[in-house]
Every structure is written in C-alpha cells, then in structure tokens.
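Visitor: I am new to this structure and should like to learn how to read it. May we go through it feature by feature?

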Amino acid sequence: MRGTAACARQGGIHVDIDARTLRTFREVTLTGSFTQAARRLGYSQSSVTAQMRALERQVGEPVFERLPNGVRLTHAGTVLRDYARQILTLVGEMETALRRPAANPPRLTVGIVPALAYGQQLARVTHIGRRLLSGVQLALRVMGTAEVHDAFRSGAIDGALVLTVVDAVDAGEPVVPSADQPHTERADDLTEVRLQEVEFVPVTGVGQRRGALGRQVVIADPDCPSQRWLPEFLRLRCDSPPEIHELGSMAGVRAATQSGLGCAMLPMALAASHQEAGGLRPLPGVPRMRWNASLVLGRSDTRPAVDWQNLTETLRQATALSCAVHPGEPGPASPVGVLGDGAPALDPDPSIAS
C-alpha cells in the first residue's frame with residue numbers, strides 16, 4: 001500500500017516520504033548494503049540506489065555514509081531510522097484495519113513519555129505485549145508528560161508509561177510489583193503502579209570543548225523529571241541557567257549530543273546500547289540518577305482486570321530488560337565509564353530473538 005508515511009518541515013525543506021521508501025530504507029539499515037536490500041525486496045540495485053538518493057534529497061543531508069563494503073548510518077540516518085520504525089508500525093496497523101475492519105481485536109492505547117520511548121524500548125514493549133496481551137491490540141503513542149492528563153480526559157489513551165520521582169525511603173530498594181500489589185491513588189483521579197527504577201546517565205559529545213561543558217543542555221520533554229533535573233543541577237552549580245534545546249525525542253537528543261550540541265541525561269540502556277553511541281562521554285562531576293518507570297491508569301474502567309494485569313506485566317518486563325547489562329559492565333553504583341567503541345552492549349532481548 002502506497003501512502004505518505006512521513007511529512008514534516010525542517011530548515012525550510014518540506015519532507016514528504018512515502019511508506020515504500022521507508023521500507024527500502026529499513027532494509028538497507030538492516031543489511032548494511034544496497035545490494036542485499038535489493039535482493040531481499042526483489043528490486044534492482046539501481047532502484048534501491050535511486051530511492052535512497054531521493055530520500056537524502058528530501059532529508060536535506062546524507063543518511064548513509066558510503067563504505068567500500070557497504071553503508072552505515074550518519075547521525076541524520078540514525079534519527080530517521082528510529083522514527084521510521086514507529087511510522088511503519090502505524091502504517092501496518094492502518095493497512096490491517098482497512099483490510100479487516102470487522103476482525104480487529106480490542107485496542108489498548110498506551111501513552112509513553114519520550115524519555116522511555118526510544119526505539120529499543122518501544123520494540124521491547126511491542127514484542128512482550130504480543131505474547132502477554134493475547135487477543136488485545138496494543139497501540140503505543142509517544143506524548144509529552146504534560147499531555148498525559150489531557151489524553152486521559154479526552155479518552156485518547158487507556159494508560160500511560162511515565163517517569164516519577166523515586167521516594168527517598170525507597171531509594172536503592174528493588175521494585176518487584178505483583179498482580180495484587182496495591183496501587184497508589186493520586187490526587188488527579190488516576191492510579192499509579194511503580195514498575196521499575198530506570199537509571200539515567202549524564203553525557204556529552206567527545207568533541208565538546210571542556211570550557212563549554214554544562215552551558216547547553218539537550219532535552220526531550222521539559223515536564224519529565226529526568227529531563228528537568230540536569231538543567232536545574234547545572235543552574236545551581238554554575239549560578240546561571242544553561243541554554244536548553246528541546247528536541248522531543250530521545251533519538252534526537254542522543255544524536256544532537258553526539259554532534260556536540262550540548263549535554264543530556266540519557267537512559268543508560270540508550271547511551272550504551274549500540275555502536276552508534278560512540279562519540280559520547282560522561283559529563284564530569286554530575287552523578288547518575290534513577291527515576292521510577294510507572295504505569296498510570298484511570299480509576300474507573302470497564303475493561304477486564306486481566307487486561308490491566310497483563311499490561312502491567314508487559315511494561316514491567318520491558319523496563320526491566322532496558323536495565324539489563326552484560327556481566328562485567330559497571331553496575332549502578334560504579335563511576336560512569338567512557339562510552340565509545342568499547343562501550344558494553346546489552347544482552348539480546350530474548351523476546352525479540354524469538
């Protein structure tokens with residue numbers, strides 16, 4: 001099915017990318033080769049090359065770096081890859097709905113704040129949800145922390161995965177919620193279930209001049225506690241507020257930080273998950289921090305209780321996997337090591353591999 005999959009304005013350039021081009025781009029990123037992507041898609045190599053050149057003209061800069069034996073993503077390509085995953089997922093949902101409207105299962109829509117909505121984490125939620133939410137279609141919607149309440153009020157979402165502050169009395173204690181664990185009633189007519197503590201690490205680009213450290217901060221969501229913390233910490237330490245760049249996605253924050261735009265608080269799993277994380281280093285004198293990944297639900301709903309139990313378990317497992325590290329990787333209490341080509345990788349996600 002051909003249709004417009006992405007449309008945005010950046011730097012005065014109108015970006016209008018169709019689903020076919022995004023699917024071709026995805027195959028090239030998976031294979032690292034125009035030739036291999038063409039073979040898997042049944043296209044000629046010249047067709048794939050032409051599509052990718054047209055894509056780069058739309059974006060306004062190269063998305064691939066040409067190598068003697070293939071290609072690899074540029075910073076712009078990395079940002080586009082993460083958005084392409086989300087867009088193609090939505091296109092797939094649309095195609096399914098148009099083909100079989102009567103056979104669609106009940107939809108469970110969950111909002112996810114940007115700090116927890118990077119590509120790897122979204123994939124984990126989707127794969128685990130397919131196994132645990134049998135007979136229910138899980139739809140993920142990335143939204144800012146400030147948008148969550150309005151989305152509940154309008155009925156746009158059934159639940160939300162957000163970050164909340166870790167209570168001082170609970171700091172350092174493991175969080176192991178069970179199906180019968182009492183929920184926390186909030187003053188805003190919502191119910192909160194703590195799932196897992198997620199660690200964030202302060203990073204900057206390896207090319208960032210030492211004298212400029214802390215003067216600029218890149219964030220994804222100004223209302224999220226994980227994104228508010230670093231600007232406030234630097235303001236208190238330097239007696240003046242840093243310049244803030246708000247990009248709206250963690251993929252954009254990571255790419256901008258790698259390019260030297262400023263410093264940022266990234267989830268540890270995102271900062272150290274791929275080789276593209278090369279180009280990041282710890283921000284001197286700034287500690288790692290932890291926040292609770294929490295599921296927020298409306299207090300009154302007609303859905304079966306098993307749906308909420310399975311959703312809670314889906315998100316708990318997904319956030320727990322995002323905290324997993326290889327044996328020998330520095331633990332939460334260790335100093336932050338340099339994140340570069342030697343950065344430790346995460347264990348493969350068993351739910352994805354299966």
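Guide: Let us begin with a term: a residue is called buried when its relative accessible area is under 20%, and exposed when that area is over 50%. Please note also that this is a predicted model.

Visitor: Is Cys 224 buried or exposed?

Guide: Cys 224 has a relative accessible area of 1%, so it is buried. Cys 238, at 40% relative accessibility, counts as partly exposed.

Visitor: How many disulfides does the structure hold?

Guide: In general, a disulfide is a covalent bond between the sulfur atoms of two cysteines. Here there are 0 disulfides. Take Cys 238: the closest cysteine sulfur, that of Cys 263, lies 9.3 Å from its own, which is too far for a bond, because the two sulfur atoms would have to be within 2.5 Å.

Visitor: Which strands pair with E7?

Guide: Strand E5 (residues 107-112) runs parallel to E7 and is joined to it by 3 bridges; Val 110 stands opposite Gly 159 of E7. Strand E14 (residues 289-298) pairs with E7 in the antiparallel sense, over 7 bridges. Within that pairing, Val 162 has Ser 294 of E14 as its bridge partner.

Visitor: How should I read the side chains along a strand?

Guide: In a regular strand, side chains alternate between the two faces of the sheet.

Visitor: Which residues does Thr 164 contact beyond its neighbours in sequence?

Guide: Leaving aside residues within four places in sequence, Thr 164 is in contact with Glu 192, Pro 225, Trp 291, Asn 292 and Ser 294. With Ser 294 there is a polar contact of 3.0 Å between the side chains. Thr 164 and Arg 194 are 30 residues apart along the chain, while 8.6 Å separates their C-alpha atoms.

Visitor: What is the general idea for helices?

Guide: An α-helix has 3.6 residues a turn, so residues three or four places apart point the same way. In helix H5 (residues 119-132), the buried residues include Leu 122, Val 125, Ile 128 and Gly 129. The 14 residues of H5 should span 20 Å at 1.5 Å a residue, and the end C-alpha atoms are 20 Å apart, which agrees.

Visitor: In which helix is Ser 226 found, and is this residue buried or exposed?

Guide: Ser 226 belongs to helix H7 (residues 225-238) and is buried, at 0% relative accessibility. Its side chain makes a polar contact of 3.2 Å with that of Gln 227. Not counting residues up to four places away in sequence, Ser 226 touches Ala 115, Leu 163, Phe 200, Met 265 and Trp 291.

Visitor: Which residues touch the most other members of the largest nonpolar core?

Guide: In soluble globular proteins, nonpolar side chains tend to be buried together. The largest nonpolar core here has 62 residues, and those touching the most other members are Ile 112, Leu 116, Leu 163, Leu 230, Leu 266 and Leu 311. Strand E9 (residues 190-205) gives the most to this core, with 7 residues. A second, separate core has 19 residues, among them Leu 22, Val 48, Leu 55 and Val 59.

Definitions and conventions. Residues are numbered from 1 along each chain as its sequence is written. This is a predicted model: local features need pLDDT of at least 70, side-chain atom pairs count only at pLDDT 80 or more; totals for chains, interfaces and linings use all residues. Side-chain values use heavy atoms; hydrogens and water are left out. Two strands pair if DSSP finds at least two bridges between them. Helices (H or I, at least four residues) and strands (E, at least two) are DSSP runs, numbered from the N terminus. Contact means heavy atoms within 4.5 Å. A polar contact is a pair of N or O atoms within 3.5 Å; within protein, one must be able to donate a hydrogen and the other to accept it, and residues adjacent in sequence count only if both atoms are side-chain atoms. Buried means under 20% relative accessible area, exposed over 50%, partly exposed in between (1.4 Å probe, protein chains only). The expected span of a helix is 1.5 Å times one less than its number of residues. A nonpolar core is a set of buried Ala, Val, Leu, Ile, Met, Phe, Trp, Tyr and Cys residues joined through side-chain atoms within 4.5 Å.
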